[in-house]
Amino acid sequence: HAAFLFEGEMKSGADGSRILEGLFQRANTRNKNGRIYPLHILERETTKLQNIIKENGGILGELDHPETVNINMQKTCLRIDRLSMNKAGITEGRMTLIPSLPLGPAAIGCCDALGGKVGTSSRGAGSLFTKGGDTMVGEDYSMKTYDLVHDPSTPGARTAVVSEQLIREFCEFAKARPSTQNLAVASLVD
């Protein structure tokens, strides 16, 4: 039981959904669009989205980035279930691809075709400014959601399908060994 994330056969929920976890965003790092999101702005926006997730049970996202910042319910494919940011400014998250959403089946098909490894990209609006030759995201930035994309602008912003069976096995493994009692098992089964 050394590996707890499954990278072979696709696992899905009873409804055909896919649960994905991985890196969503990086602070203070130039992305492929040439922008840098300062740490304090991403912390603020991640906290805002965490509160929305808690209040509403999730945030919907779309397949690919649309032309507008607003979420179009007719183009949704996923629900963001959890976000967290570490001290280094890396935002990780969990999303569920839902087949009953308008573009859910297409997103699940893309996910399966890519072996479960799909890209994520933040969507928001705000001003940009130049600082020392870098294009920085401004204080007025407001993040709305994360979308599923083929080519994420954030380095390493990819997710992987989580196997519910392996999560259950990990929980049993952790419960059976006193030395693992302090592991964050709850974070795996939220």
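Leaving aside residues up to four places away in sequence, threonine 145 touches Ile59, Leu60, Gly61, Ile71, Ile80, Ser121, Ser122 and Arg123. This is a predicted model. The protein chain carries 4 helices and 10 strands. Of its 190 residues, 40% are buried.

**Threonine 145**

- Threonine 145 belongs to strand 9, which covers residues 142–149.
- Its relative accessibility is 0%, under the 20% limit, so threonine 145 counts as buried.
- A polar atom of the threonine 145 side chain lies 2.8 Å from the backbone oxygen of leucine 60.
- Ser122 is one of the residues that threonine 145 touches, and Ser122 is also among the residues nearest the centre of the largest pocket.

**Isoleucine 59**

- Isoleucine 59 sits in strand 3.
- With a relative accessibility of 5%, isoleucine 59 is buried, because the limit is under 20%.
- Isoleucine 59 touches Leu49, Ile52, Ile53, Ile71, Leu78, Arg79, Ile80, Lys144 and Thr145, with residues up to four places away in sequence left out.
- Ile71 and Ile80 are on this list, and Ile71 and Ile80 also touch threonine 145.
- Isoleucine 59 and lysine 144 are 85 residues apart in sequence. Their C-alpha atoms are 8.6 Å apart in space.

- From the N terminus, the order of elements is β-β-α-β-β-β-α-β-β-β-β-β-α-α.
- Take the contacts between residues at least 6 apart in sequence: 66% of them join residues at least 24 apart.

- Strand 1 spans residues 18–26. Of its 9 residues, 8 are buried, and the strand is mostly covered.

**Arginine 18**

- Arginine 18 is a residue of strand 1.
- Its relative accessible area is 9%, and buried means under 20%, so arginine 18 is buried despite its charged class.
- The arginine 18 side chain makes a polar contact of 2.7 Å with the side chain of aspartate 112.
- The arginine 18 side chain also reaches the backbone oxygen of glycine 16, at 2.8 Å.

- An open sheet is formed by 3 strands, in the order 2-8-7, with mixed pairing.
- Strand 2 (35–36) and strand 7 (128–131) are the edge strands, each pairing on one side only.
- Strand 7 and strand 8 (residues 134–137) run antiparallel and are joined by 4 bridges.
- Leucine 128 stands opposite valine 137 of strand 8.

**Positive phi angles**

- Asparagine 28 has a phi near 55°, a positive value in a residue other than glycine. Asparagine 28 is found in the loop between strand 1 and strand 2.
- Aspartate 64 has a phi near 70°, also positive and also in a residue other than glycine. Aspartate 64 is in the loop between strand 3 (59–62) and strand 4 (76–85).
- At 44% relative accessibility, aspartate 64 lies between the 20% and 50% limits, so aspartate 64 counts as partly exposed.

**The largest pocket**

- The largest pocket holds about 380 Å³ of space.
- Its lining has 25 residues. Nearest its centre lie Asn33, Arg35, Tyr37, His65 and Ser122.
- By class, the lining has 9 nonpolar, 12 polar and 4 charged residues.
- Strand 6 (residues 119–125) gives the largest share of the lining, with 5 residues.

Technical notes
Residues numbered from 1 in each chain as written. Predicted model: local features only at pLDDT ≥ 70, side-chain atom pairs only at ≥ 80, totals over all residues. Heavy atoms only, no water. 1 Å grid on protein atoms, 1.4 Å probe; cavity = no way out; pocket = protein on both sides within 12 Å on 5 of 7 lines; lining within 4 Å. Points joined across faces, edges and corners; volume = space filled by probe spheres on them. Helix = DSSP H or I, 4+ residues; strand = E, 2+ residues; numbered from the N terminus. Pairing = 2+ DSSP bridges. Buried < 20%, exposed > 50% of the residue type's maximum accessible area, 1.4 Å probe, protein only. Polar contact = N/O pair within 3.5 Å; in protein donor to acceptor, adjacent residues only side chain to side chain. Contact = heavy atoms within 4.5 Å.
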